[in-house]
Amino acid sequence: MRLDLLAALNAERAARRACVLITELGGGVQRLVKAEDVPGDLMEAALEPALRSGKSGTVEFDGKSYFLTVQVPAVRLVLIGAVHISQALAPIAKLCGLDPVIVDPRTAFASPERFPDVELIAEWPDAVLDRAPLDRYSAIALLTHDPKIDDPALERALKAECFYIGALGSRKTHGRRLERMRAKGFSEAALARIHAPIGLDIGAVSPAEIAVSIAGEMIRALRQKPLRSEEKAA
Amino acid sequence: MLSTEQDILAAAEDWRSKGRDVAIATVVETWGSAPRPVGSHLVIDAEGNFLGSVSGGCVEGEVVTEALDVIAAGAPKMLEFGVADETAWKAGLSCGGRIKVYVERLD
């Protein structure tokens, strides 16, 4: 492997961008393809599914074997609201290999006793998300029902094109939320990406059941189709 | 600390940048019950220091020995370990799986 290729791969990772290192197993010839360059690449048909699954593996192309070292950022899950649903959703997300963090400025909710094994930040979402910005490999669930806590996070999630944006609340609550976002200048296409009412329709009742339905919806958004920004790039 | 494959690759870059001779071993195929998934890395220097893993510790010794050859010769090598293989018994891939490991020099 050439040091410059390895350095480029590590730089992409540091910037939380996906890429694929292609190694021809016969002769050892290598090249690095950044996610943004996958559409139009001659091996696009093999690279696109590899990027989506995030799994390294061997592929055959044009009679030769190639090993794809796939590098995708770890999926981050931001839960806005240290609420009952979050208590169930955080451990489920961990089991699924996501990296959850809970943000809630209300210290009565955001107490370590309620959330013993998960990263918990008792600050306003705008401060937290400006410090550690969201990206396409982030999922976010807005769970407070409180516009002054949820909305600043939602604006940042829409701008960052998070692969999953879910918002808790009745259709009426969501209708008012959409009005506020329209007033901020977001397009209908952007707003259509918000999953609301949140979660798959499995008739969930308890907080834990709702957490399962949200986790299922997130996994579907992650695994079943190309990320929205990738569709746009294609 | 060095928990992910990327952390191991970052260490490889760091070692090479500091002038050490380095080889990277990558699990490229597994069959049956293999302890480490495809894409796992082991990074080796010319003194035999290594980071990461390609198995549960069963064949690392063998891979390190081969990596020293690759560092000296420069050409990449494909190694295969499995129960059907004498060497694998010797190296002890006791889980019953088979793995293919690609070893290359970092230039």
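Reader: Which residue of strand 2 of chain A stands opposite Val20(A)?

Author: That's Val33(A). Keep in mind that we're looking at a predicted model here.

Reader: What makes strand 1 and strand 2 of chain A a pair?

Author: Two strands need at least two bridges between them to pair. Strand 1 and strand 2 (residues 30–34) of chain A have five, so they pass that cut-off, and their sense is antiparallel. Five residues sit between the strands in this hairpin, and Gly28(A) there takes a positive phi near 85 degrees.

Reader: Why is strand 1 of chain A called mostly covered?

Author: A residue is buried when its relative accessible area is under 20%. Six of the six residues in strand 1 of chain A are buried. In a regular strand the side chains alternate between the two faces of the sheet. Here Cys19(A), Leu21(A) and Thr23(A) lie on one side and Val20(A), Ile22(A) and Glu24(A) on the other, so with every one of them buried, both faces count as covered.

Reader: Why is Glu62(B) called neither buried nor exposed?

Author: Glu62(B) has 26% relative accessibility. Buried means under 20% and exposed means over 50%, so Glu62(B) lands in between, as partly exposed. You'll find Glu62(B) in helix 2 (residues 60–73) of chain B. Its C-alpha atom is 9.7 Å from that of Phe81(B), a residue 19 positions away along the chain.

Reader: What makes strand 7 and strand 10 of chain A edge strands?

Author: Start with the sheet: six strands of chain A, open, with parallel pairing and the order 7-6-5-8-9-10. Strand 7 (119–121) and strand 10 of chain A each have a single partner strand, so one side of each has no neighbour in the sheet.

Reader: What joins strand 8 of chain A to strand 9 of chain A?

Author: Four bridges, with the strands running parallel. From strand 8 of chain A the chain passes through helix 5 (residues 147–160) of chain A to strand 9 of chain A, a right-handed β-α-β crossover.

Reader: Which residues line the largest cavity?

Author: Both chains contribute: Met1(A), Leu21(A), Thr23(A), Phe67(A) and Thr69(A) are among them, and so are Thr26(B), His41(B), Tyr102(B) and Glu104(B). Strand 1 (19–24) and strand 4 (64–71) of chain A, together with strand 5 (98–106) of chain B, each give two or more residues to that lining. The space inside is about 40 Å³.

Reader: How many helices and strands does chain B have?

Author: Three helices and five strands, in the order α-β-β-β-α-β-α-β from the N terminus on. Of the 107 residues in chain B, 42% are buried.

Key. Residues numbered from 1 in each chain as written. Chains lettered and ligands numbered in written order. Predicted model: local features only at pLDDT ≥ 70, side-chain atom pairs only at ≥ 80, totals over all residues. Heavy atoms only, no water. Buried < 20%, exposed > 50% of the residue type's maximum accessible area, 1.4 Å probe, protein only. Right-handed = clockwise from strand over helix to strand, strands pointing away. 1 Å grid on protein atoms, 1.4 Å probe; cavity = no way out; pocket = protein on both sides within 12 Å on 5 of 7 lines; lining within 4 Å. Points joined across faces, edges and corners; volume = space filled by probe spheres on them.
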